[in-house]
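Let's take a friendly walk through a protein model. Have a look at the picture below, and then we will go from the whole chain to two of its residues.

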Amino acid sequence: MFEHIKEDIQSVFHRDPAARNTFEVLTNYPGLHAIWWHRLSHKLWQVNCKWLARSVSTLARWLTGVEIHPGARLGRRFFIDHGMGVVIGETAEIGDDVTLYHGVTLGGTSWQAGKRHPTLENGVVVGAGAKVLGPIRIGQGAKVGSNSVVVRDVPADATVVGIPGRIVAARTTEAKVSHRDKIAEKYGFDAYAVSADNPDPVAHAIGRMLDHVHLLDTKVEEMCKVIKDLGGDVCTDALPGIELEDFDSVQPKPGKNSQDQSFDPGI
């Protein structure tokens, strides 16, 4: 028991830079308290003291704002940051080194008995407000974005965002990132200007389009070379560059109810 408590405290220091000392962690981290209460209620649940186990769970919810069903299985070094509003269902299974933020729900989608809550493998991170629903499996090292609703299995090391949750990024090799950077430099446009590993779905879609455009451009260059070898005079004009400043101000067309004013694409 004391070994697990020591691991729990160390996991807080590893994943929360706001933690300053052991006494502060022991007294001011309700997510940690909820896990300790759950260990007691889970033991009672296993020895068939169902009512007492649920009562301990309810008491823990009043004290911590975290509701963990006594039947749920939690791995080692599990960390609930902030804690308020977290709900973990009866048949949920959580691996080692998993992190949940406030407002996360590991819920069910069926009223039938049996496995109806998700399984989170080792190293999973679930962002604030996310809902992971049903007997699905979140693969090792996967990340669920804040306020996402996930209802399907997620492979290992993937990133999921949106409603319903969709995979927007898997592990990308350095060679692929470098390749796209070179293409972006050629066209004068960088779809990854925000961050090299940004999981934004728009940036991801633009990156795929950039790959497609580069492939088409390569084929056109090969065709132009063959035509020139045959005596033709084609492809003499250089491709125009695309500058991000070109999109800073877009003027709407004057209409019956429109005013002559600039349009902010960020609205």
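How much accessible surface does the chain have, and what share of it belongs to carbon and sulfur atoms? The accessible surface comes to about 16900 Å², and 57% of that belongs to carbon and sulfur atoms (areas come from the Shrake-Rupley method with a 1.4 Å probe; for residues, only the protein chains shown count as cover). This is a predicted model, in which local features need pLDDT of at least 70 and side-chain atom pairs count only at pLDDT 80 or more, while totals for chains, interfaces and linings use all residues. Residues are numbered from 1 along each chain as its sequence is written, and side-chain values use heavy atoms, with hydrogens and water left out.

The chain has 6 helices and 14 strands (DSSP runs numbered from the N terminus: helices are H or I with at least four residues, strands are E with at least two). Of its 267 residues, 35% are buried (buried means under 20% relative accessible area, exposed over 50%, partly exposed in between, with a 1.4 Å probe and protein chains only).

Now meet two residues:

| Residue | Relative accessible area | State |
|---|---|---|
| Threonine 105 | 19% | buried |
| Leucine 63 | 55% | exposed |

Threonine 105 sits in strand E6 (residues 105-107). Beyond its neighbours within four places in sequence, threonine 105 is in contact with Val87, Ala130, Lys131, Val132 and Leu133 (contact means heavy atoms within 4.5 Å).

Leucine 63, in turn, belongs to helix H4 (residues 50-64).
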